[in-house]
Amino acid sequence: MGCMWSAAEFKEEGDDSTAAVTSTAAAGLQTRLLLMDNADAHVFIPGFRLPKPATDLTTALQQQQPQQGINIPSSLVNRLVSLRSRVILAIAAGGSYSMEESASVVSAKLSKRRISQQGSADCSELQKALGDYLPLLLGLTFTEEKVSSAVKFEWSNQEDQKKETALPSALYELLSVLHLLGILALQEANNCLTAKATEDGYLPRVTEENKKNAVEILLKAAQYFECALSSVLPQLPDDIKAKLPVDLSEDMLIALEQQALGQGVEIQLGLAIENVKASVAVKRRLACEQVKYWLQAYDCASRVSLEHGWGPKHKLFVKWKLAEAQAAAYYYHGLILDENPEDVSHAQALACLQGAQAFLKEGQRTRTKFVNTAPITRVPPSWGAMKYLSEKIPRDTITKTRASGGNITQHKTPIATPQLPDFPLALKAEAFILPPVDRAWEAVSCYQPNRALVEKGPAFRMKKLQDVQSLPGFDLRRQPTLTIPKYVHAR
């Protein structure tokens with residue numbers, strides 16, 4: 001699922017650069033979405049947000065000057081428009097353009113550009129365009145409200161019932177940019193986890209280096225979402241918050257952050273399994289931590305109305321990963337319990353192993369639903385921890401059941417699966433540090449340099465920072481949807 005585009009020729013629509021930008025970006029997004037069909041989904045990417053040209057940006061900002069006594073240089077306004085146009089064009093074609101070129105010149109270039117059907121462009125140009133746009137956009141968020149709310153910024157999304165949302169807020173634009181950066185990081189991590197052919201002629205595989213890189217990239221994605229949560233969302237006026245699409249809601253941003261961290265721990269668990277020096281205790285700890293991340297993601301995603309577009313598929317992905325995480329956690333907890341020579345510990349170990357097998361089956365059923373939900377994706381090949389556990393859990397459960405035989409009497413068999421140990425989460429995301437504001441804003445009279453995007457008090461973050469154990473059913477024994485033995489305790 002890298003940034004790839006099929007053969008396309010972008011045509012200039014007269015002298016109207018805005019129309020060219022709109023049609024080009026729409027075509028590019030459509031191609032990108034089509035290419036996601038039948039792609040491997042190791043890391044789920046919940047659709048790209050597409051910025052639409054803010055046609056009134058120049059007019060709105062320049063009208064403020066004679067009426068409000070505000071001096072915003074036309075060169076600054078033009079740069080803002082130009083850099084935003086480059087973001088849209090980078091989404092469409094992944095091209096490279098100099099900062100001095102106007103939107104109309106870039107559109108003319110695109111009219112002559114062909115993208116090879118076999119070509120594959122990485123997302124570095126889009127990331128660079130967003131990086132160049134951020135310092136200038138931050139300056140607009142630091143202006144007086146009458147200026148920062150003078151322009152309606154419009155974005156489309158893939159999960160809300162209302163596919164396009166236009167809001168008069170520069171902070172909404174900043175929130176959307178951070179979300180897009182986070183989604184790009186998820187896509188980059190998915191690309192790292194996609195098996196690739198090797199030079200030595202062996203079957204395609206994912207190298208250990210790529211797995212470690214994917215962990216770093218997932219952590220970077222979580223940092224973007226954390227910045228949106230802690231630094232931008234609290235600054236939004238209540239009336240703007242109420243109009244945000246579901247993919248920018250607080251619960252959805254938390255779910256995305258926890259998803260990124262959960263998948264990072266999943267990769268770490270796979271690396272630990274491949275390491276002969278890693279103890280069972282280390283693997284159990286990673287598996288239990290993974291459950292906490294996915295349970296938080298599932299809880300937050302369940303509070304969001306994901307009934308449209310890519311929403312149902314996103315919710316199934318989180319449910320699938322939660323079931324797999326629970327299977328891994330119960331398996332390793334069962335191995336630890338089995339080391340105790342007492343009969344009751346052996347009975348608890350058997351309950352954990354059979355519970356792990358039940359969650360494994362639930363995960364497999366949910367995965368089938370996931371891949372068959374639009375947009376269609378291929379069943380990703382087993383890799384990492386689950387490639388190993390999908391074979392070990394059934395085999396060890398059968399072996400343990402046969403070995404126990406009649407040694408575990410009915411009165412010693414536990415009524416419920418033992419509770420998993422609670423380990424503090426080791427992988428945490430610090431908020432992405434926003435770049436310095438473009439110095440050109442210092443000459444603008446309405447610029448307020450003392451205002452900063454800082455994290456608000458605990459009232460906003462209370463839901464995010466609450467003890468995960470307070471969530472419903474955090475005993476990690478959520479009953480699968482399939483029929484299982486009575487000793488797997490229901491929530």
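A few conventions come at the outset. Because the model is predicted, local features need pLDDT of at least 70 and side-chain atom pairs count only at pLDDT 80 or more, whereas totals for chains, interfaces and linings use all residues. Residues are numbered from 1 along each chain as its sequence is written, and side-chain values use heavy atoms, with hydrogens and water left out.

I begin with the chain as a whole. The protein chain holds 15 helices and five strands; these are DSSP runs numbered from the N terminus, with helices being H or I of at least four residues and strands being E of at least two. Of its 491 residues, 55% are buried. Here buried means under 20% relative accessible area, exposed means over 50%, and partly exposed lies in between, for a 1.4 Å probe and protein chains only. The accessible surface of the protein chain comes to about 21200 Å², and 51% of that belongs to carbon and sulfur atoms; these areas come from the Shrake-Rupley method with a 1.4 Å probe, and for residues only the protein chains shown count as cover. Among contacts with a separation of 6 or more, 81% join residues 24 or more positions apart, contact being defined as heavy atoms within 4.5 Å.

I turn now to the sheet. Strands of a sheet pair through backbone hydrogen bonds, either parallel or antiparallel. In this model, an open sheet of three strands has the order 2-4-5, with antiparallel pairing; two strands count as paired if DSSP finds at least two bridges between them. Strand 2 (50–52) and strand 5 (164–167) are the edge strands, each pairing on one side only. On average, neighbouring strands of this sheet are turned by 25° against each other, direction ignored. Strand 2 pairs with strand 4 (residues 153–156) over three bridges in the antiparallel sense, and Lys-52 stands opposite Glu-154 in strand 4. Helix 7 (residues 170–192) lies across strand 4 and strand 5 and runs at about 30° to strand 4. For such angles, axes are lines fitted to C-alpha atoms, for helices over the stretch in contact, and the angles run from 0 to 180 degrees between N-to-C directions.

The next topic is the aromatic residues. The structure holds 10 aromatic pairs. Rings of Phe, Tyr and Trp (its six-membered ring) pair if their centres lie within 6.5 Å; planes under 30 degrees apart count as stacked, over 60 as edge-to-face and the rest as tilted. The rings of Trp-294 and Phe-317 have centres 6.1 Å apart and planes at 70°, so this pair is edge-to-face. Trp-294 belongs to helix 11 (residues 280–302) and Phe-317 to helix 12, so the pair ties together parts 23 residues apart in sequence. Phe-317 also forms an edge-to-face pair with Trp-320, at 5.5 Å centre to centre and 90° between the planes. These two residues are separated by about one helical turn, because they are three residues apart in helix 12. Phe-317 is buried at 0% relative accessibility, and Trp-320 is buried at 3%. Phe-44, Trp-294, Trp-310, Phe-317, Trp-320 and Phe-370 form one aromatic cluster.

Which residues does Thr-366 contact, leaving aside its neighbours within four places in sequence? They are Leu-316, Lys-319 and Trp-320. Thr-366 is found in helix 13 (residues 343–372) and is buried, with a relative accessible area of 6%.

Leu-389, in helix 14 (residues 384–404), is buried at 0% relative accessible area. Its contacts beyond four places in sequence include Ala-328, Tyr-331 and Leu-360.

I close with charged side chains. A search of the whole structure finds 18 salt bridges, each being a side-chain nitrogen of Lys or Arg within 4 Å of a carboxyl oxygen of Asp or Glu. Asp-338 forms one with Lys-400, the closest N and O atoms being 2.5 Å apart. Asp-338 lies in helix 12 (residues 311–338) and Lys-400 in helix 14, so the pair ties together parts that are 62 residues apart in sequence. Asp-338 is partly exposed at 30% relative accessibility, whereas Lys-400 is buried at 13%.

Another salt bridge joins Lys-212 and Glu-208, at 3.1 Å from N to O. These residues are four apart in helix 8 (residues 208–232), which means a separation of about one helical turn. Finally, salt bridges link Asp-251, Asp-299 and Arg-303 in a network.
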